[in-house]
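User: Can you go through this model with me? I'll ask as I look around.

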Amino acid sequence: MANDTGIPAALTRLHFHDCFVRGCDASILLDSTPKHKAEKESMRNKGIGGFEVIDAAKAKIEAHCPNTVSCADIIAFAARDSVHLTGGIYYDVLGGRRDGTISLIGDATKNLPDAFFNVTQLKENFAKKGLSLEELVTLSGVHSIGDCHCSSFSKRLYSFNATYPQDPSMVSTYASYLRAKCPRPVKTNSGVDPIVPFDPLTPTRLDNNYYKNLKSKKGLLFSDQVLWESSLTKKMVGSNIKHPSAWASKFASAMVHMGSIEVLTGSQGEIRKNCRVVNY
């Protein structure tokens with residue numbers, strides 16, 4: 001974190017993107033093979049990072065206690081430490097996850113939420129993983145740290161729908177700020193896709209400012225702002241604005257719950273020697 005303030009957000013996101021696809025089995029870390037493109041190649045995983053931190057941790061752990069700690073556990077512990085470093089929120093993480101042996105690009109598209117999902121779609125997506133609507137709102141607060149590529153939300157600025165070029169649920173001052181950072185997309189594969197912080201005020205502090213931004217109509221993604229616009233979740237957002245310590249406590253519990261999704265244990269899976277490739 002001292003070298004790169006974006007690392008905690010990357011590691012927390014890595015845990016979420018891992019657990020939602022085949023459970024918390026470190027399938028997100030596997031590199032593509034000549035036969036199969038891996039999860040990390042999916043557009044839903046665009047901008048995902050922190051791999052080198054996991055590699056470094058794995059190398060150190062293997063040197064001390066080989067074939068004992070899984071890559072999946074390392075991701076879970078790294079996310080826990082990231083939450084503690086950025087938000088002062090601490091929780092205990094159970095170990096014992098095993099590493100999966102399959103990673104397919106199509107699984108990411110099927111399982112990870114889209115940036116333009118509405119609340120009903122988000123609720124269904126999280127319910128499939130055994131997470132409640134309250135946990136969905138609570139975990140979305142992680143968008144109080146980290147960055148996002150313009151391509152994930154630029155449609156809200158320039159081509160929202162036939163009636164409104166700009167998403168009416170975004171306040172115009174914030175839209176102007178974003179347009180300055182994100183030029184209108186040009187249909188060329190230039191590879192230029194700038195990043196902006198989810199929370200311009202405290203981009204490296206995990207706090208309830210995310211929810212205040214939603215109330216001010218400054219949610220970055222469509223799937224963020226809908227949490228304030230929908231009657232299903234608006235009161236939950238309001239409660240998280242009023243009660244930051246209660247939100248922090250809920251966030252810790254939800255992270256523990258998420259970290260237990262479809263885990264492999266016992267003799268299932270393996271303990272990878274190198275997090276990027278399955279054992280041979």
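User: How exposed is Asp 114?
Analyst: Asp 114 is partly exposed, with a relative accessible area of 24%. Here buried means under 20%, exposed over 50%, and partly exposed in between, using a 1.4 Å probe and protein chains only. This is a predicted model, where local features need pLDDT of at least 70, side-chain atom pairs count only at pLDDT 80 or more, and totals for chains, interfaces and linings use all residues. Residues are numbered from 1 along each chain as its sequence is written, and side-chain values use heavy atoms, with hydrogens and water left out.

User: What does the side chain of Asp 114 meet in a salt bridge?
Analyst: That would be Arg 44, at 3.5 Å from N to O. Asp 114 sits in the loop between helix H4 (105-111) and helix H5 (119-127), and Arg 44 in the loop between H1 and H2, so the pair ties together parts 70 residues apart in sequence. Arg 44 is partly exposed as well, at 22% relative accessibility. The salt-bridge rule is a side-chain nitrogen of Lys or Arg within 4 Å of a carboxyl oxygen of Asp or Glu, and helices (H or I, at least four residues) and strands (E, at least two) are DSSP runs numbered from the N terminus.

User: How many salt bridges does that rule give?
Analyst: The count comes to 13.

User: What does Arg 276 pair with?
Analyst: Arg 276 forms a salt bridge with Asp 31, and the closest N and O atoms are 3.6 Å apart. Arg 276 lies in the segment after helix H12 (244-258), while Asp 31 is in the loop between helix H1 (7-19) and helix H2 (51-64), so this pair ties together parts 245 residues apart in sequence. Arg 276 is partly exposed at 26%, and Asp 31 is partly exposed at 30%. Both belong to a salt-bridge network that links Asp 31, Lys 40, Asp 55 and Arg 276.

User: And what about Asp 73 and Arg 97, buried or exposed?
Analyst: Both are buried. They form a salt bridge too, with the closest N and O atoms 2.7 Å apart. Asp 73 is in helix H3 (residues 71-87) and Arg 97 in the loop between H3 and H4, 24 residues apart, so to speak a link between distant parts of the chain.

User: Switching to Arg 156. Where is it found?
Analyst: In helix H7 (residues 155-158). Arg 156 is buried, with a relative accessible area of 0%.

User: Which side chain does Arg 156 make a polar contact with?
Analyst: Ser 169, at 3.4 Å. Leaving aside neighbours within four places in sequence, Arg 156 is in contact (heavy atoms within 4.5 Å) with residues including Phe 116, Asp 167, Met 170, Leu 221 and Gln 225. A polar contact is a pair of N or O atoms within 3.5 Å; within protein, one must be able to donate a hydrogen and the other to accept it, and residues adjacent in sequence count only if both atoms are side-chain atoms.

User: Which feature does UniProt place at His 143?
Analyst: The unreviewed UniProt entry places "binding site" there. His 143 lies in the loop between helix H6 (133-140) and strand E1 (147-149) and is partly exposed at 22%. Beyond four places in sequence, His 143 is in contact with Phe 198, Asp 199, Tyr 210, Leu 221 and Asp 224. UniProt positions use the numbering here, feature names are shortened, and annotations may be inferred rather than shown by experiment.

User: Last one: what do the buried residues of H1 pack against?
Analyst: H2, H3, H5 and H12. H1 is mostly covered, with 12 of its 13 residues buried.
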